[in-house]
Amino acid sequence: MSPSPVVLIIGCGIAGPVLGYLLKQKGYTPIVFEKVSELGDAGASLMLMSNGLKVLELVGVANKVTAESMPIQRFIDSNAEGKILGSSNLPSIFKDKYSQPLAGIKRTSINLMLKNTLLDQHIDVREGWELLDIKEEEDSVTAYFNGGRSVTGSFLIGCDGIKSASRRALLQVKGITEGPPTYTGLTQTAGISKTPKTLLDSAAMRNWYADGTHMIAYPISKSHISWAITQREAQETAETWRPYRTEELPHQKSQLSQLLDGWNPAVKEMIASSERIIKFGLFDRAELNSGEWFSKRCVLVGDAAHPTSPHLGQGANQALEDCYHLSHALPNLRVGGESSPDGAFVLGSSLAATIFKPYAEKRQPRTSHLVRGARAVGEQRTASGEEACKRRDEMVVQKFADDGLLAAKMDELLREPFSKP
């Protein structure tokens with residue numbers, strides 16, 4: 001029996017571990033590389049929606065997420081002072097309709113859940129391996145890492161985010177040089193706090209709107225809530241994802257309190273009780289066409305292929321959809337529990353044409369549509385000026401006026417990437 005093909009997976013955030021698990025089940029030998037020396041405390045939170053949780057269910061993580069979290073039952077949108085512009089109980093039916101609900105979770109929690117899933121499956125995870133370059137042959141690819149290290153595999157999957165080294169290397173193979181991500185003019189300040197008593201009565205995703213500023217909040221456990229403030233700022237803020245240190249928190253809380261002066265008391269309470277605060281700029285990249293998602297032996301997934309702003313809550317969820325479709329497209333090398341000889345042909349020199357190209361052509365239109373939609377929502381949420389804010393608030397009211405229209409918009413997101421019988 002020939003050895004199973006080695007798959008080099010770059011990035012151990014969300015997509016990388018999921019692909020590692022799914023491909024191991026299909027008879028591959030995945031190796032997951034992560035540039036940080038040890039995965040641990042990172043970021044604030046993620047909103048995992050039904051489409052993403054359906055994929056996480058395939059790797060045995062969805063139930064862990066919903067057990068730790070507090071699934072969303074309502075949408076509530078208000079102005080800064082707390083006057084409700086619209087609300088809906090629509091999320092309460094998502095579990096029955098789509099088999100999974102909406103659930104917020106600490107980024108650190110989901111990262112460690114997924115890493116431990118890999119370790120439980122005896123999948124090789126190599127931390128502190130930073131990708132520098134790739135070299136492709138007809139039937140293999142070699143990845144070069146820091147420290148003079150290199151590994152050769154059958155093919156490589158880039159899951160390493162908006163600052164993707166795999167994307168840079170893949171595009172260079174095609175003769176394309178891409179600059180750094182572009183600052184969008186928006187920053188986000190995110191935090192985690194104890195849930196204010198006034199918000200404990202409902203597991204809701206809440207939005208507050210003001211002039212040039214937007215805030216979203218949702219529960220990530222029975223006792224804690226995650227929040228993020230988006231505002232327009234001309235000065236670029238680096239995307240470091242480093243939480244402010246303990247000694248820095250009082251100053252940041254003071255600045256946020258000034259920014260949110262006059263807002264709903266629950267908002268001010270979240271800022272005052274925040275246990276961690278992170279500030280970062282929101283960045284963007286030029287859209288890739290489907291032919292730029294892959295090369296002879298490499299393919300991109302998630303933000304490496306289609307970086308998106310967070311305003312639709314679909315970044316991680318679209319990466320998970322990518323994982324499902326790419327793993328589904330690759331041949332199962334364990335048909336009937338035995339190694340399948342058919343896979344050897346598919347994984348040969350025709351890999352790009354038979355697997356990567358159809359995958360990219362299937363995924364690029366949907367992700368492109370959602371990336372553009374997220375940008376538009378971000379601009380709308382941070383509307384600036386009296387007239388623009390008035391139009392924005394009217395649009396929010398209208399969004400909730402027709403539950404059928406709201407349900408249709410959510411269905412566009414949540415029915416993917418597959419339906420359960």
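Student: Which residues does the domain assignment give to domain 1 and domain 2?
Tutor: This is a predicted model. The assignment gives domain 1 as 1–38 + 127–181 + 288–383. Domain 2 is 41–107 + 182–284 + 385–420.

Student: What separates the centres of the two domains?
Tutor: Taken over C-alpha atoms, the centres of domain 1 and domain 2 are 28 Å apart.

Student: And how many residues of each are in contact?
Tutor: Domain 1 puts 31 residues in contact with 38 residues of domain 2.

Student: Switching to charge. Which residues form the negative surface patch?
Tutor: Asp211, Glu386, Glu387 and Glu394 form that patch.

Student: Where is Glu387 placed?
Tutor: Glu387 sits in helix α12, which covers residues 386–401.

Student: Now backbone geometry. Is the peptide bond from Glu416 to Pro417 cis or trans?
Tutor: The bond is cis, with omega near -10 degrees. Most peptide bonds are trans.

Student: Where in the fold is Pro417?
Tutor: Pro417 is in the segment after α13, the helix at 403–414.

Student: What about Ser99, is its phi positive or negative?
Tutor: Positive, at about 80 degrees, although Ser99 is not a glycine. Most residues other than glycine have a negative phi.

Student: Which loop holds Ser99?
Tutor: Ser99 lies in the loop between α4 (94–98) and β6 (103–106).

Conventions
Residues numbered from 1 in each chain as written. Predicted model: local features only at pLDDT ≥ 70, side-chain atom pairs only at ≥ 80, totals over all residues. Heavy atoms only, no water. Patch = residues over 30% accessible without salt bridge, like charges linked within 9 Å, V, L, I, M, F, W, Y side chains within 5 Å. Areas by Shrake-Rupley, 256 points an atom, 1.4 Å probe, with all protein chains shown as cover. Salt bridge = Lys/Arg side-chain N within 4 Å of Asp/Glu carboxyl O. Lys, Arg positive; Asp, Glu negative; His and termini not counted. Charge placed at Lys NZ, Arg CZ, Asp CG, Glu CD. Helix = DSSP H or I, 4+ residues; strand = E, 2+ residues; numbered from the N terminus. Domains from an automatic or database assignment. Contact = heavy atoms within 4.5 Å.
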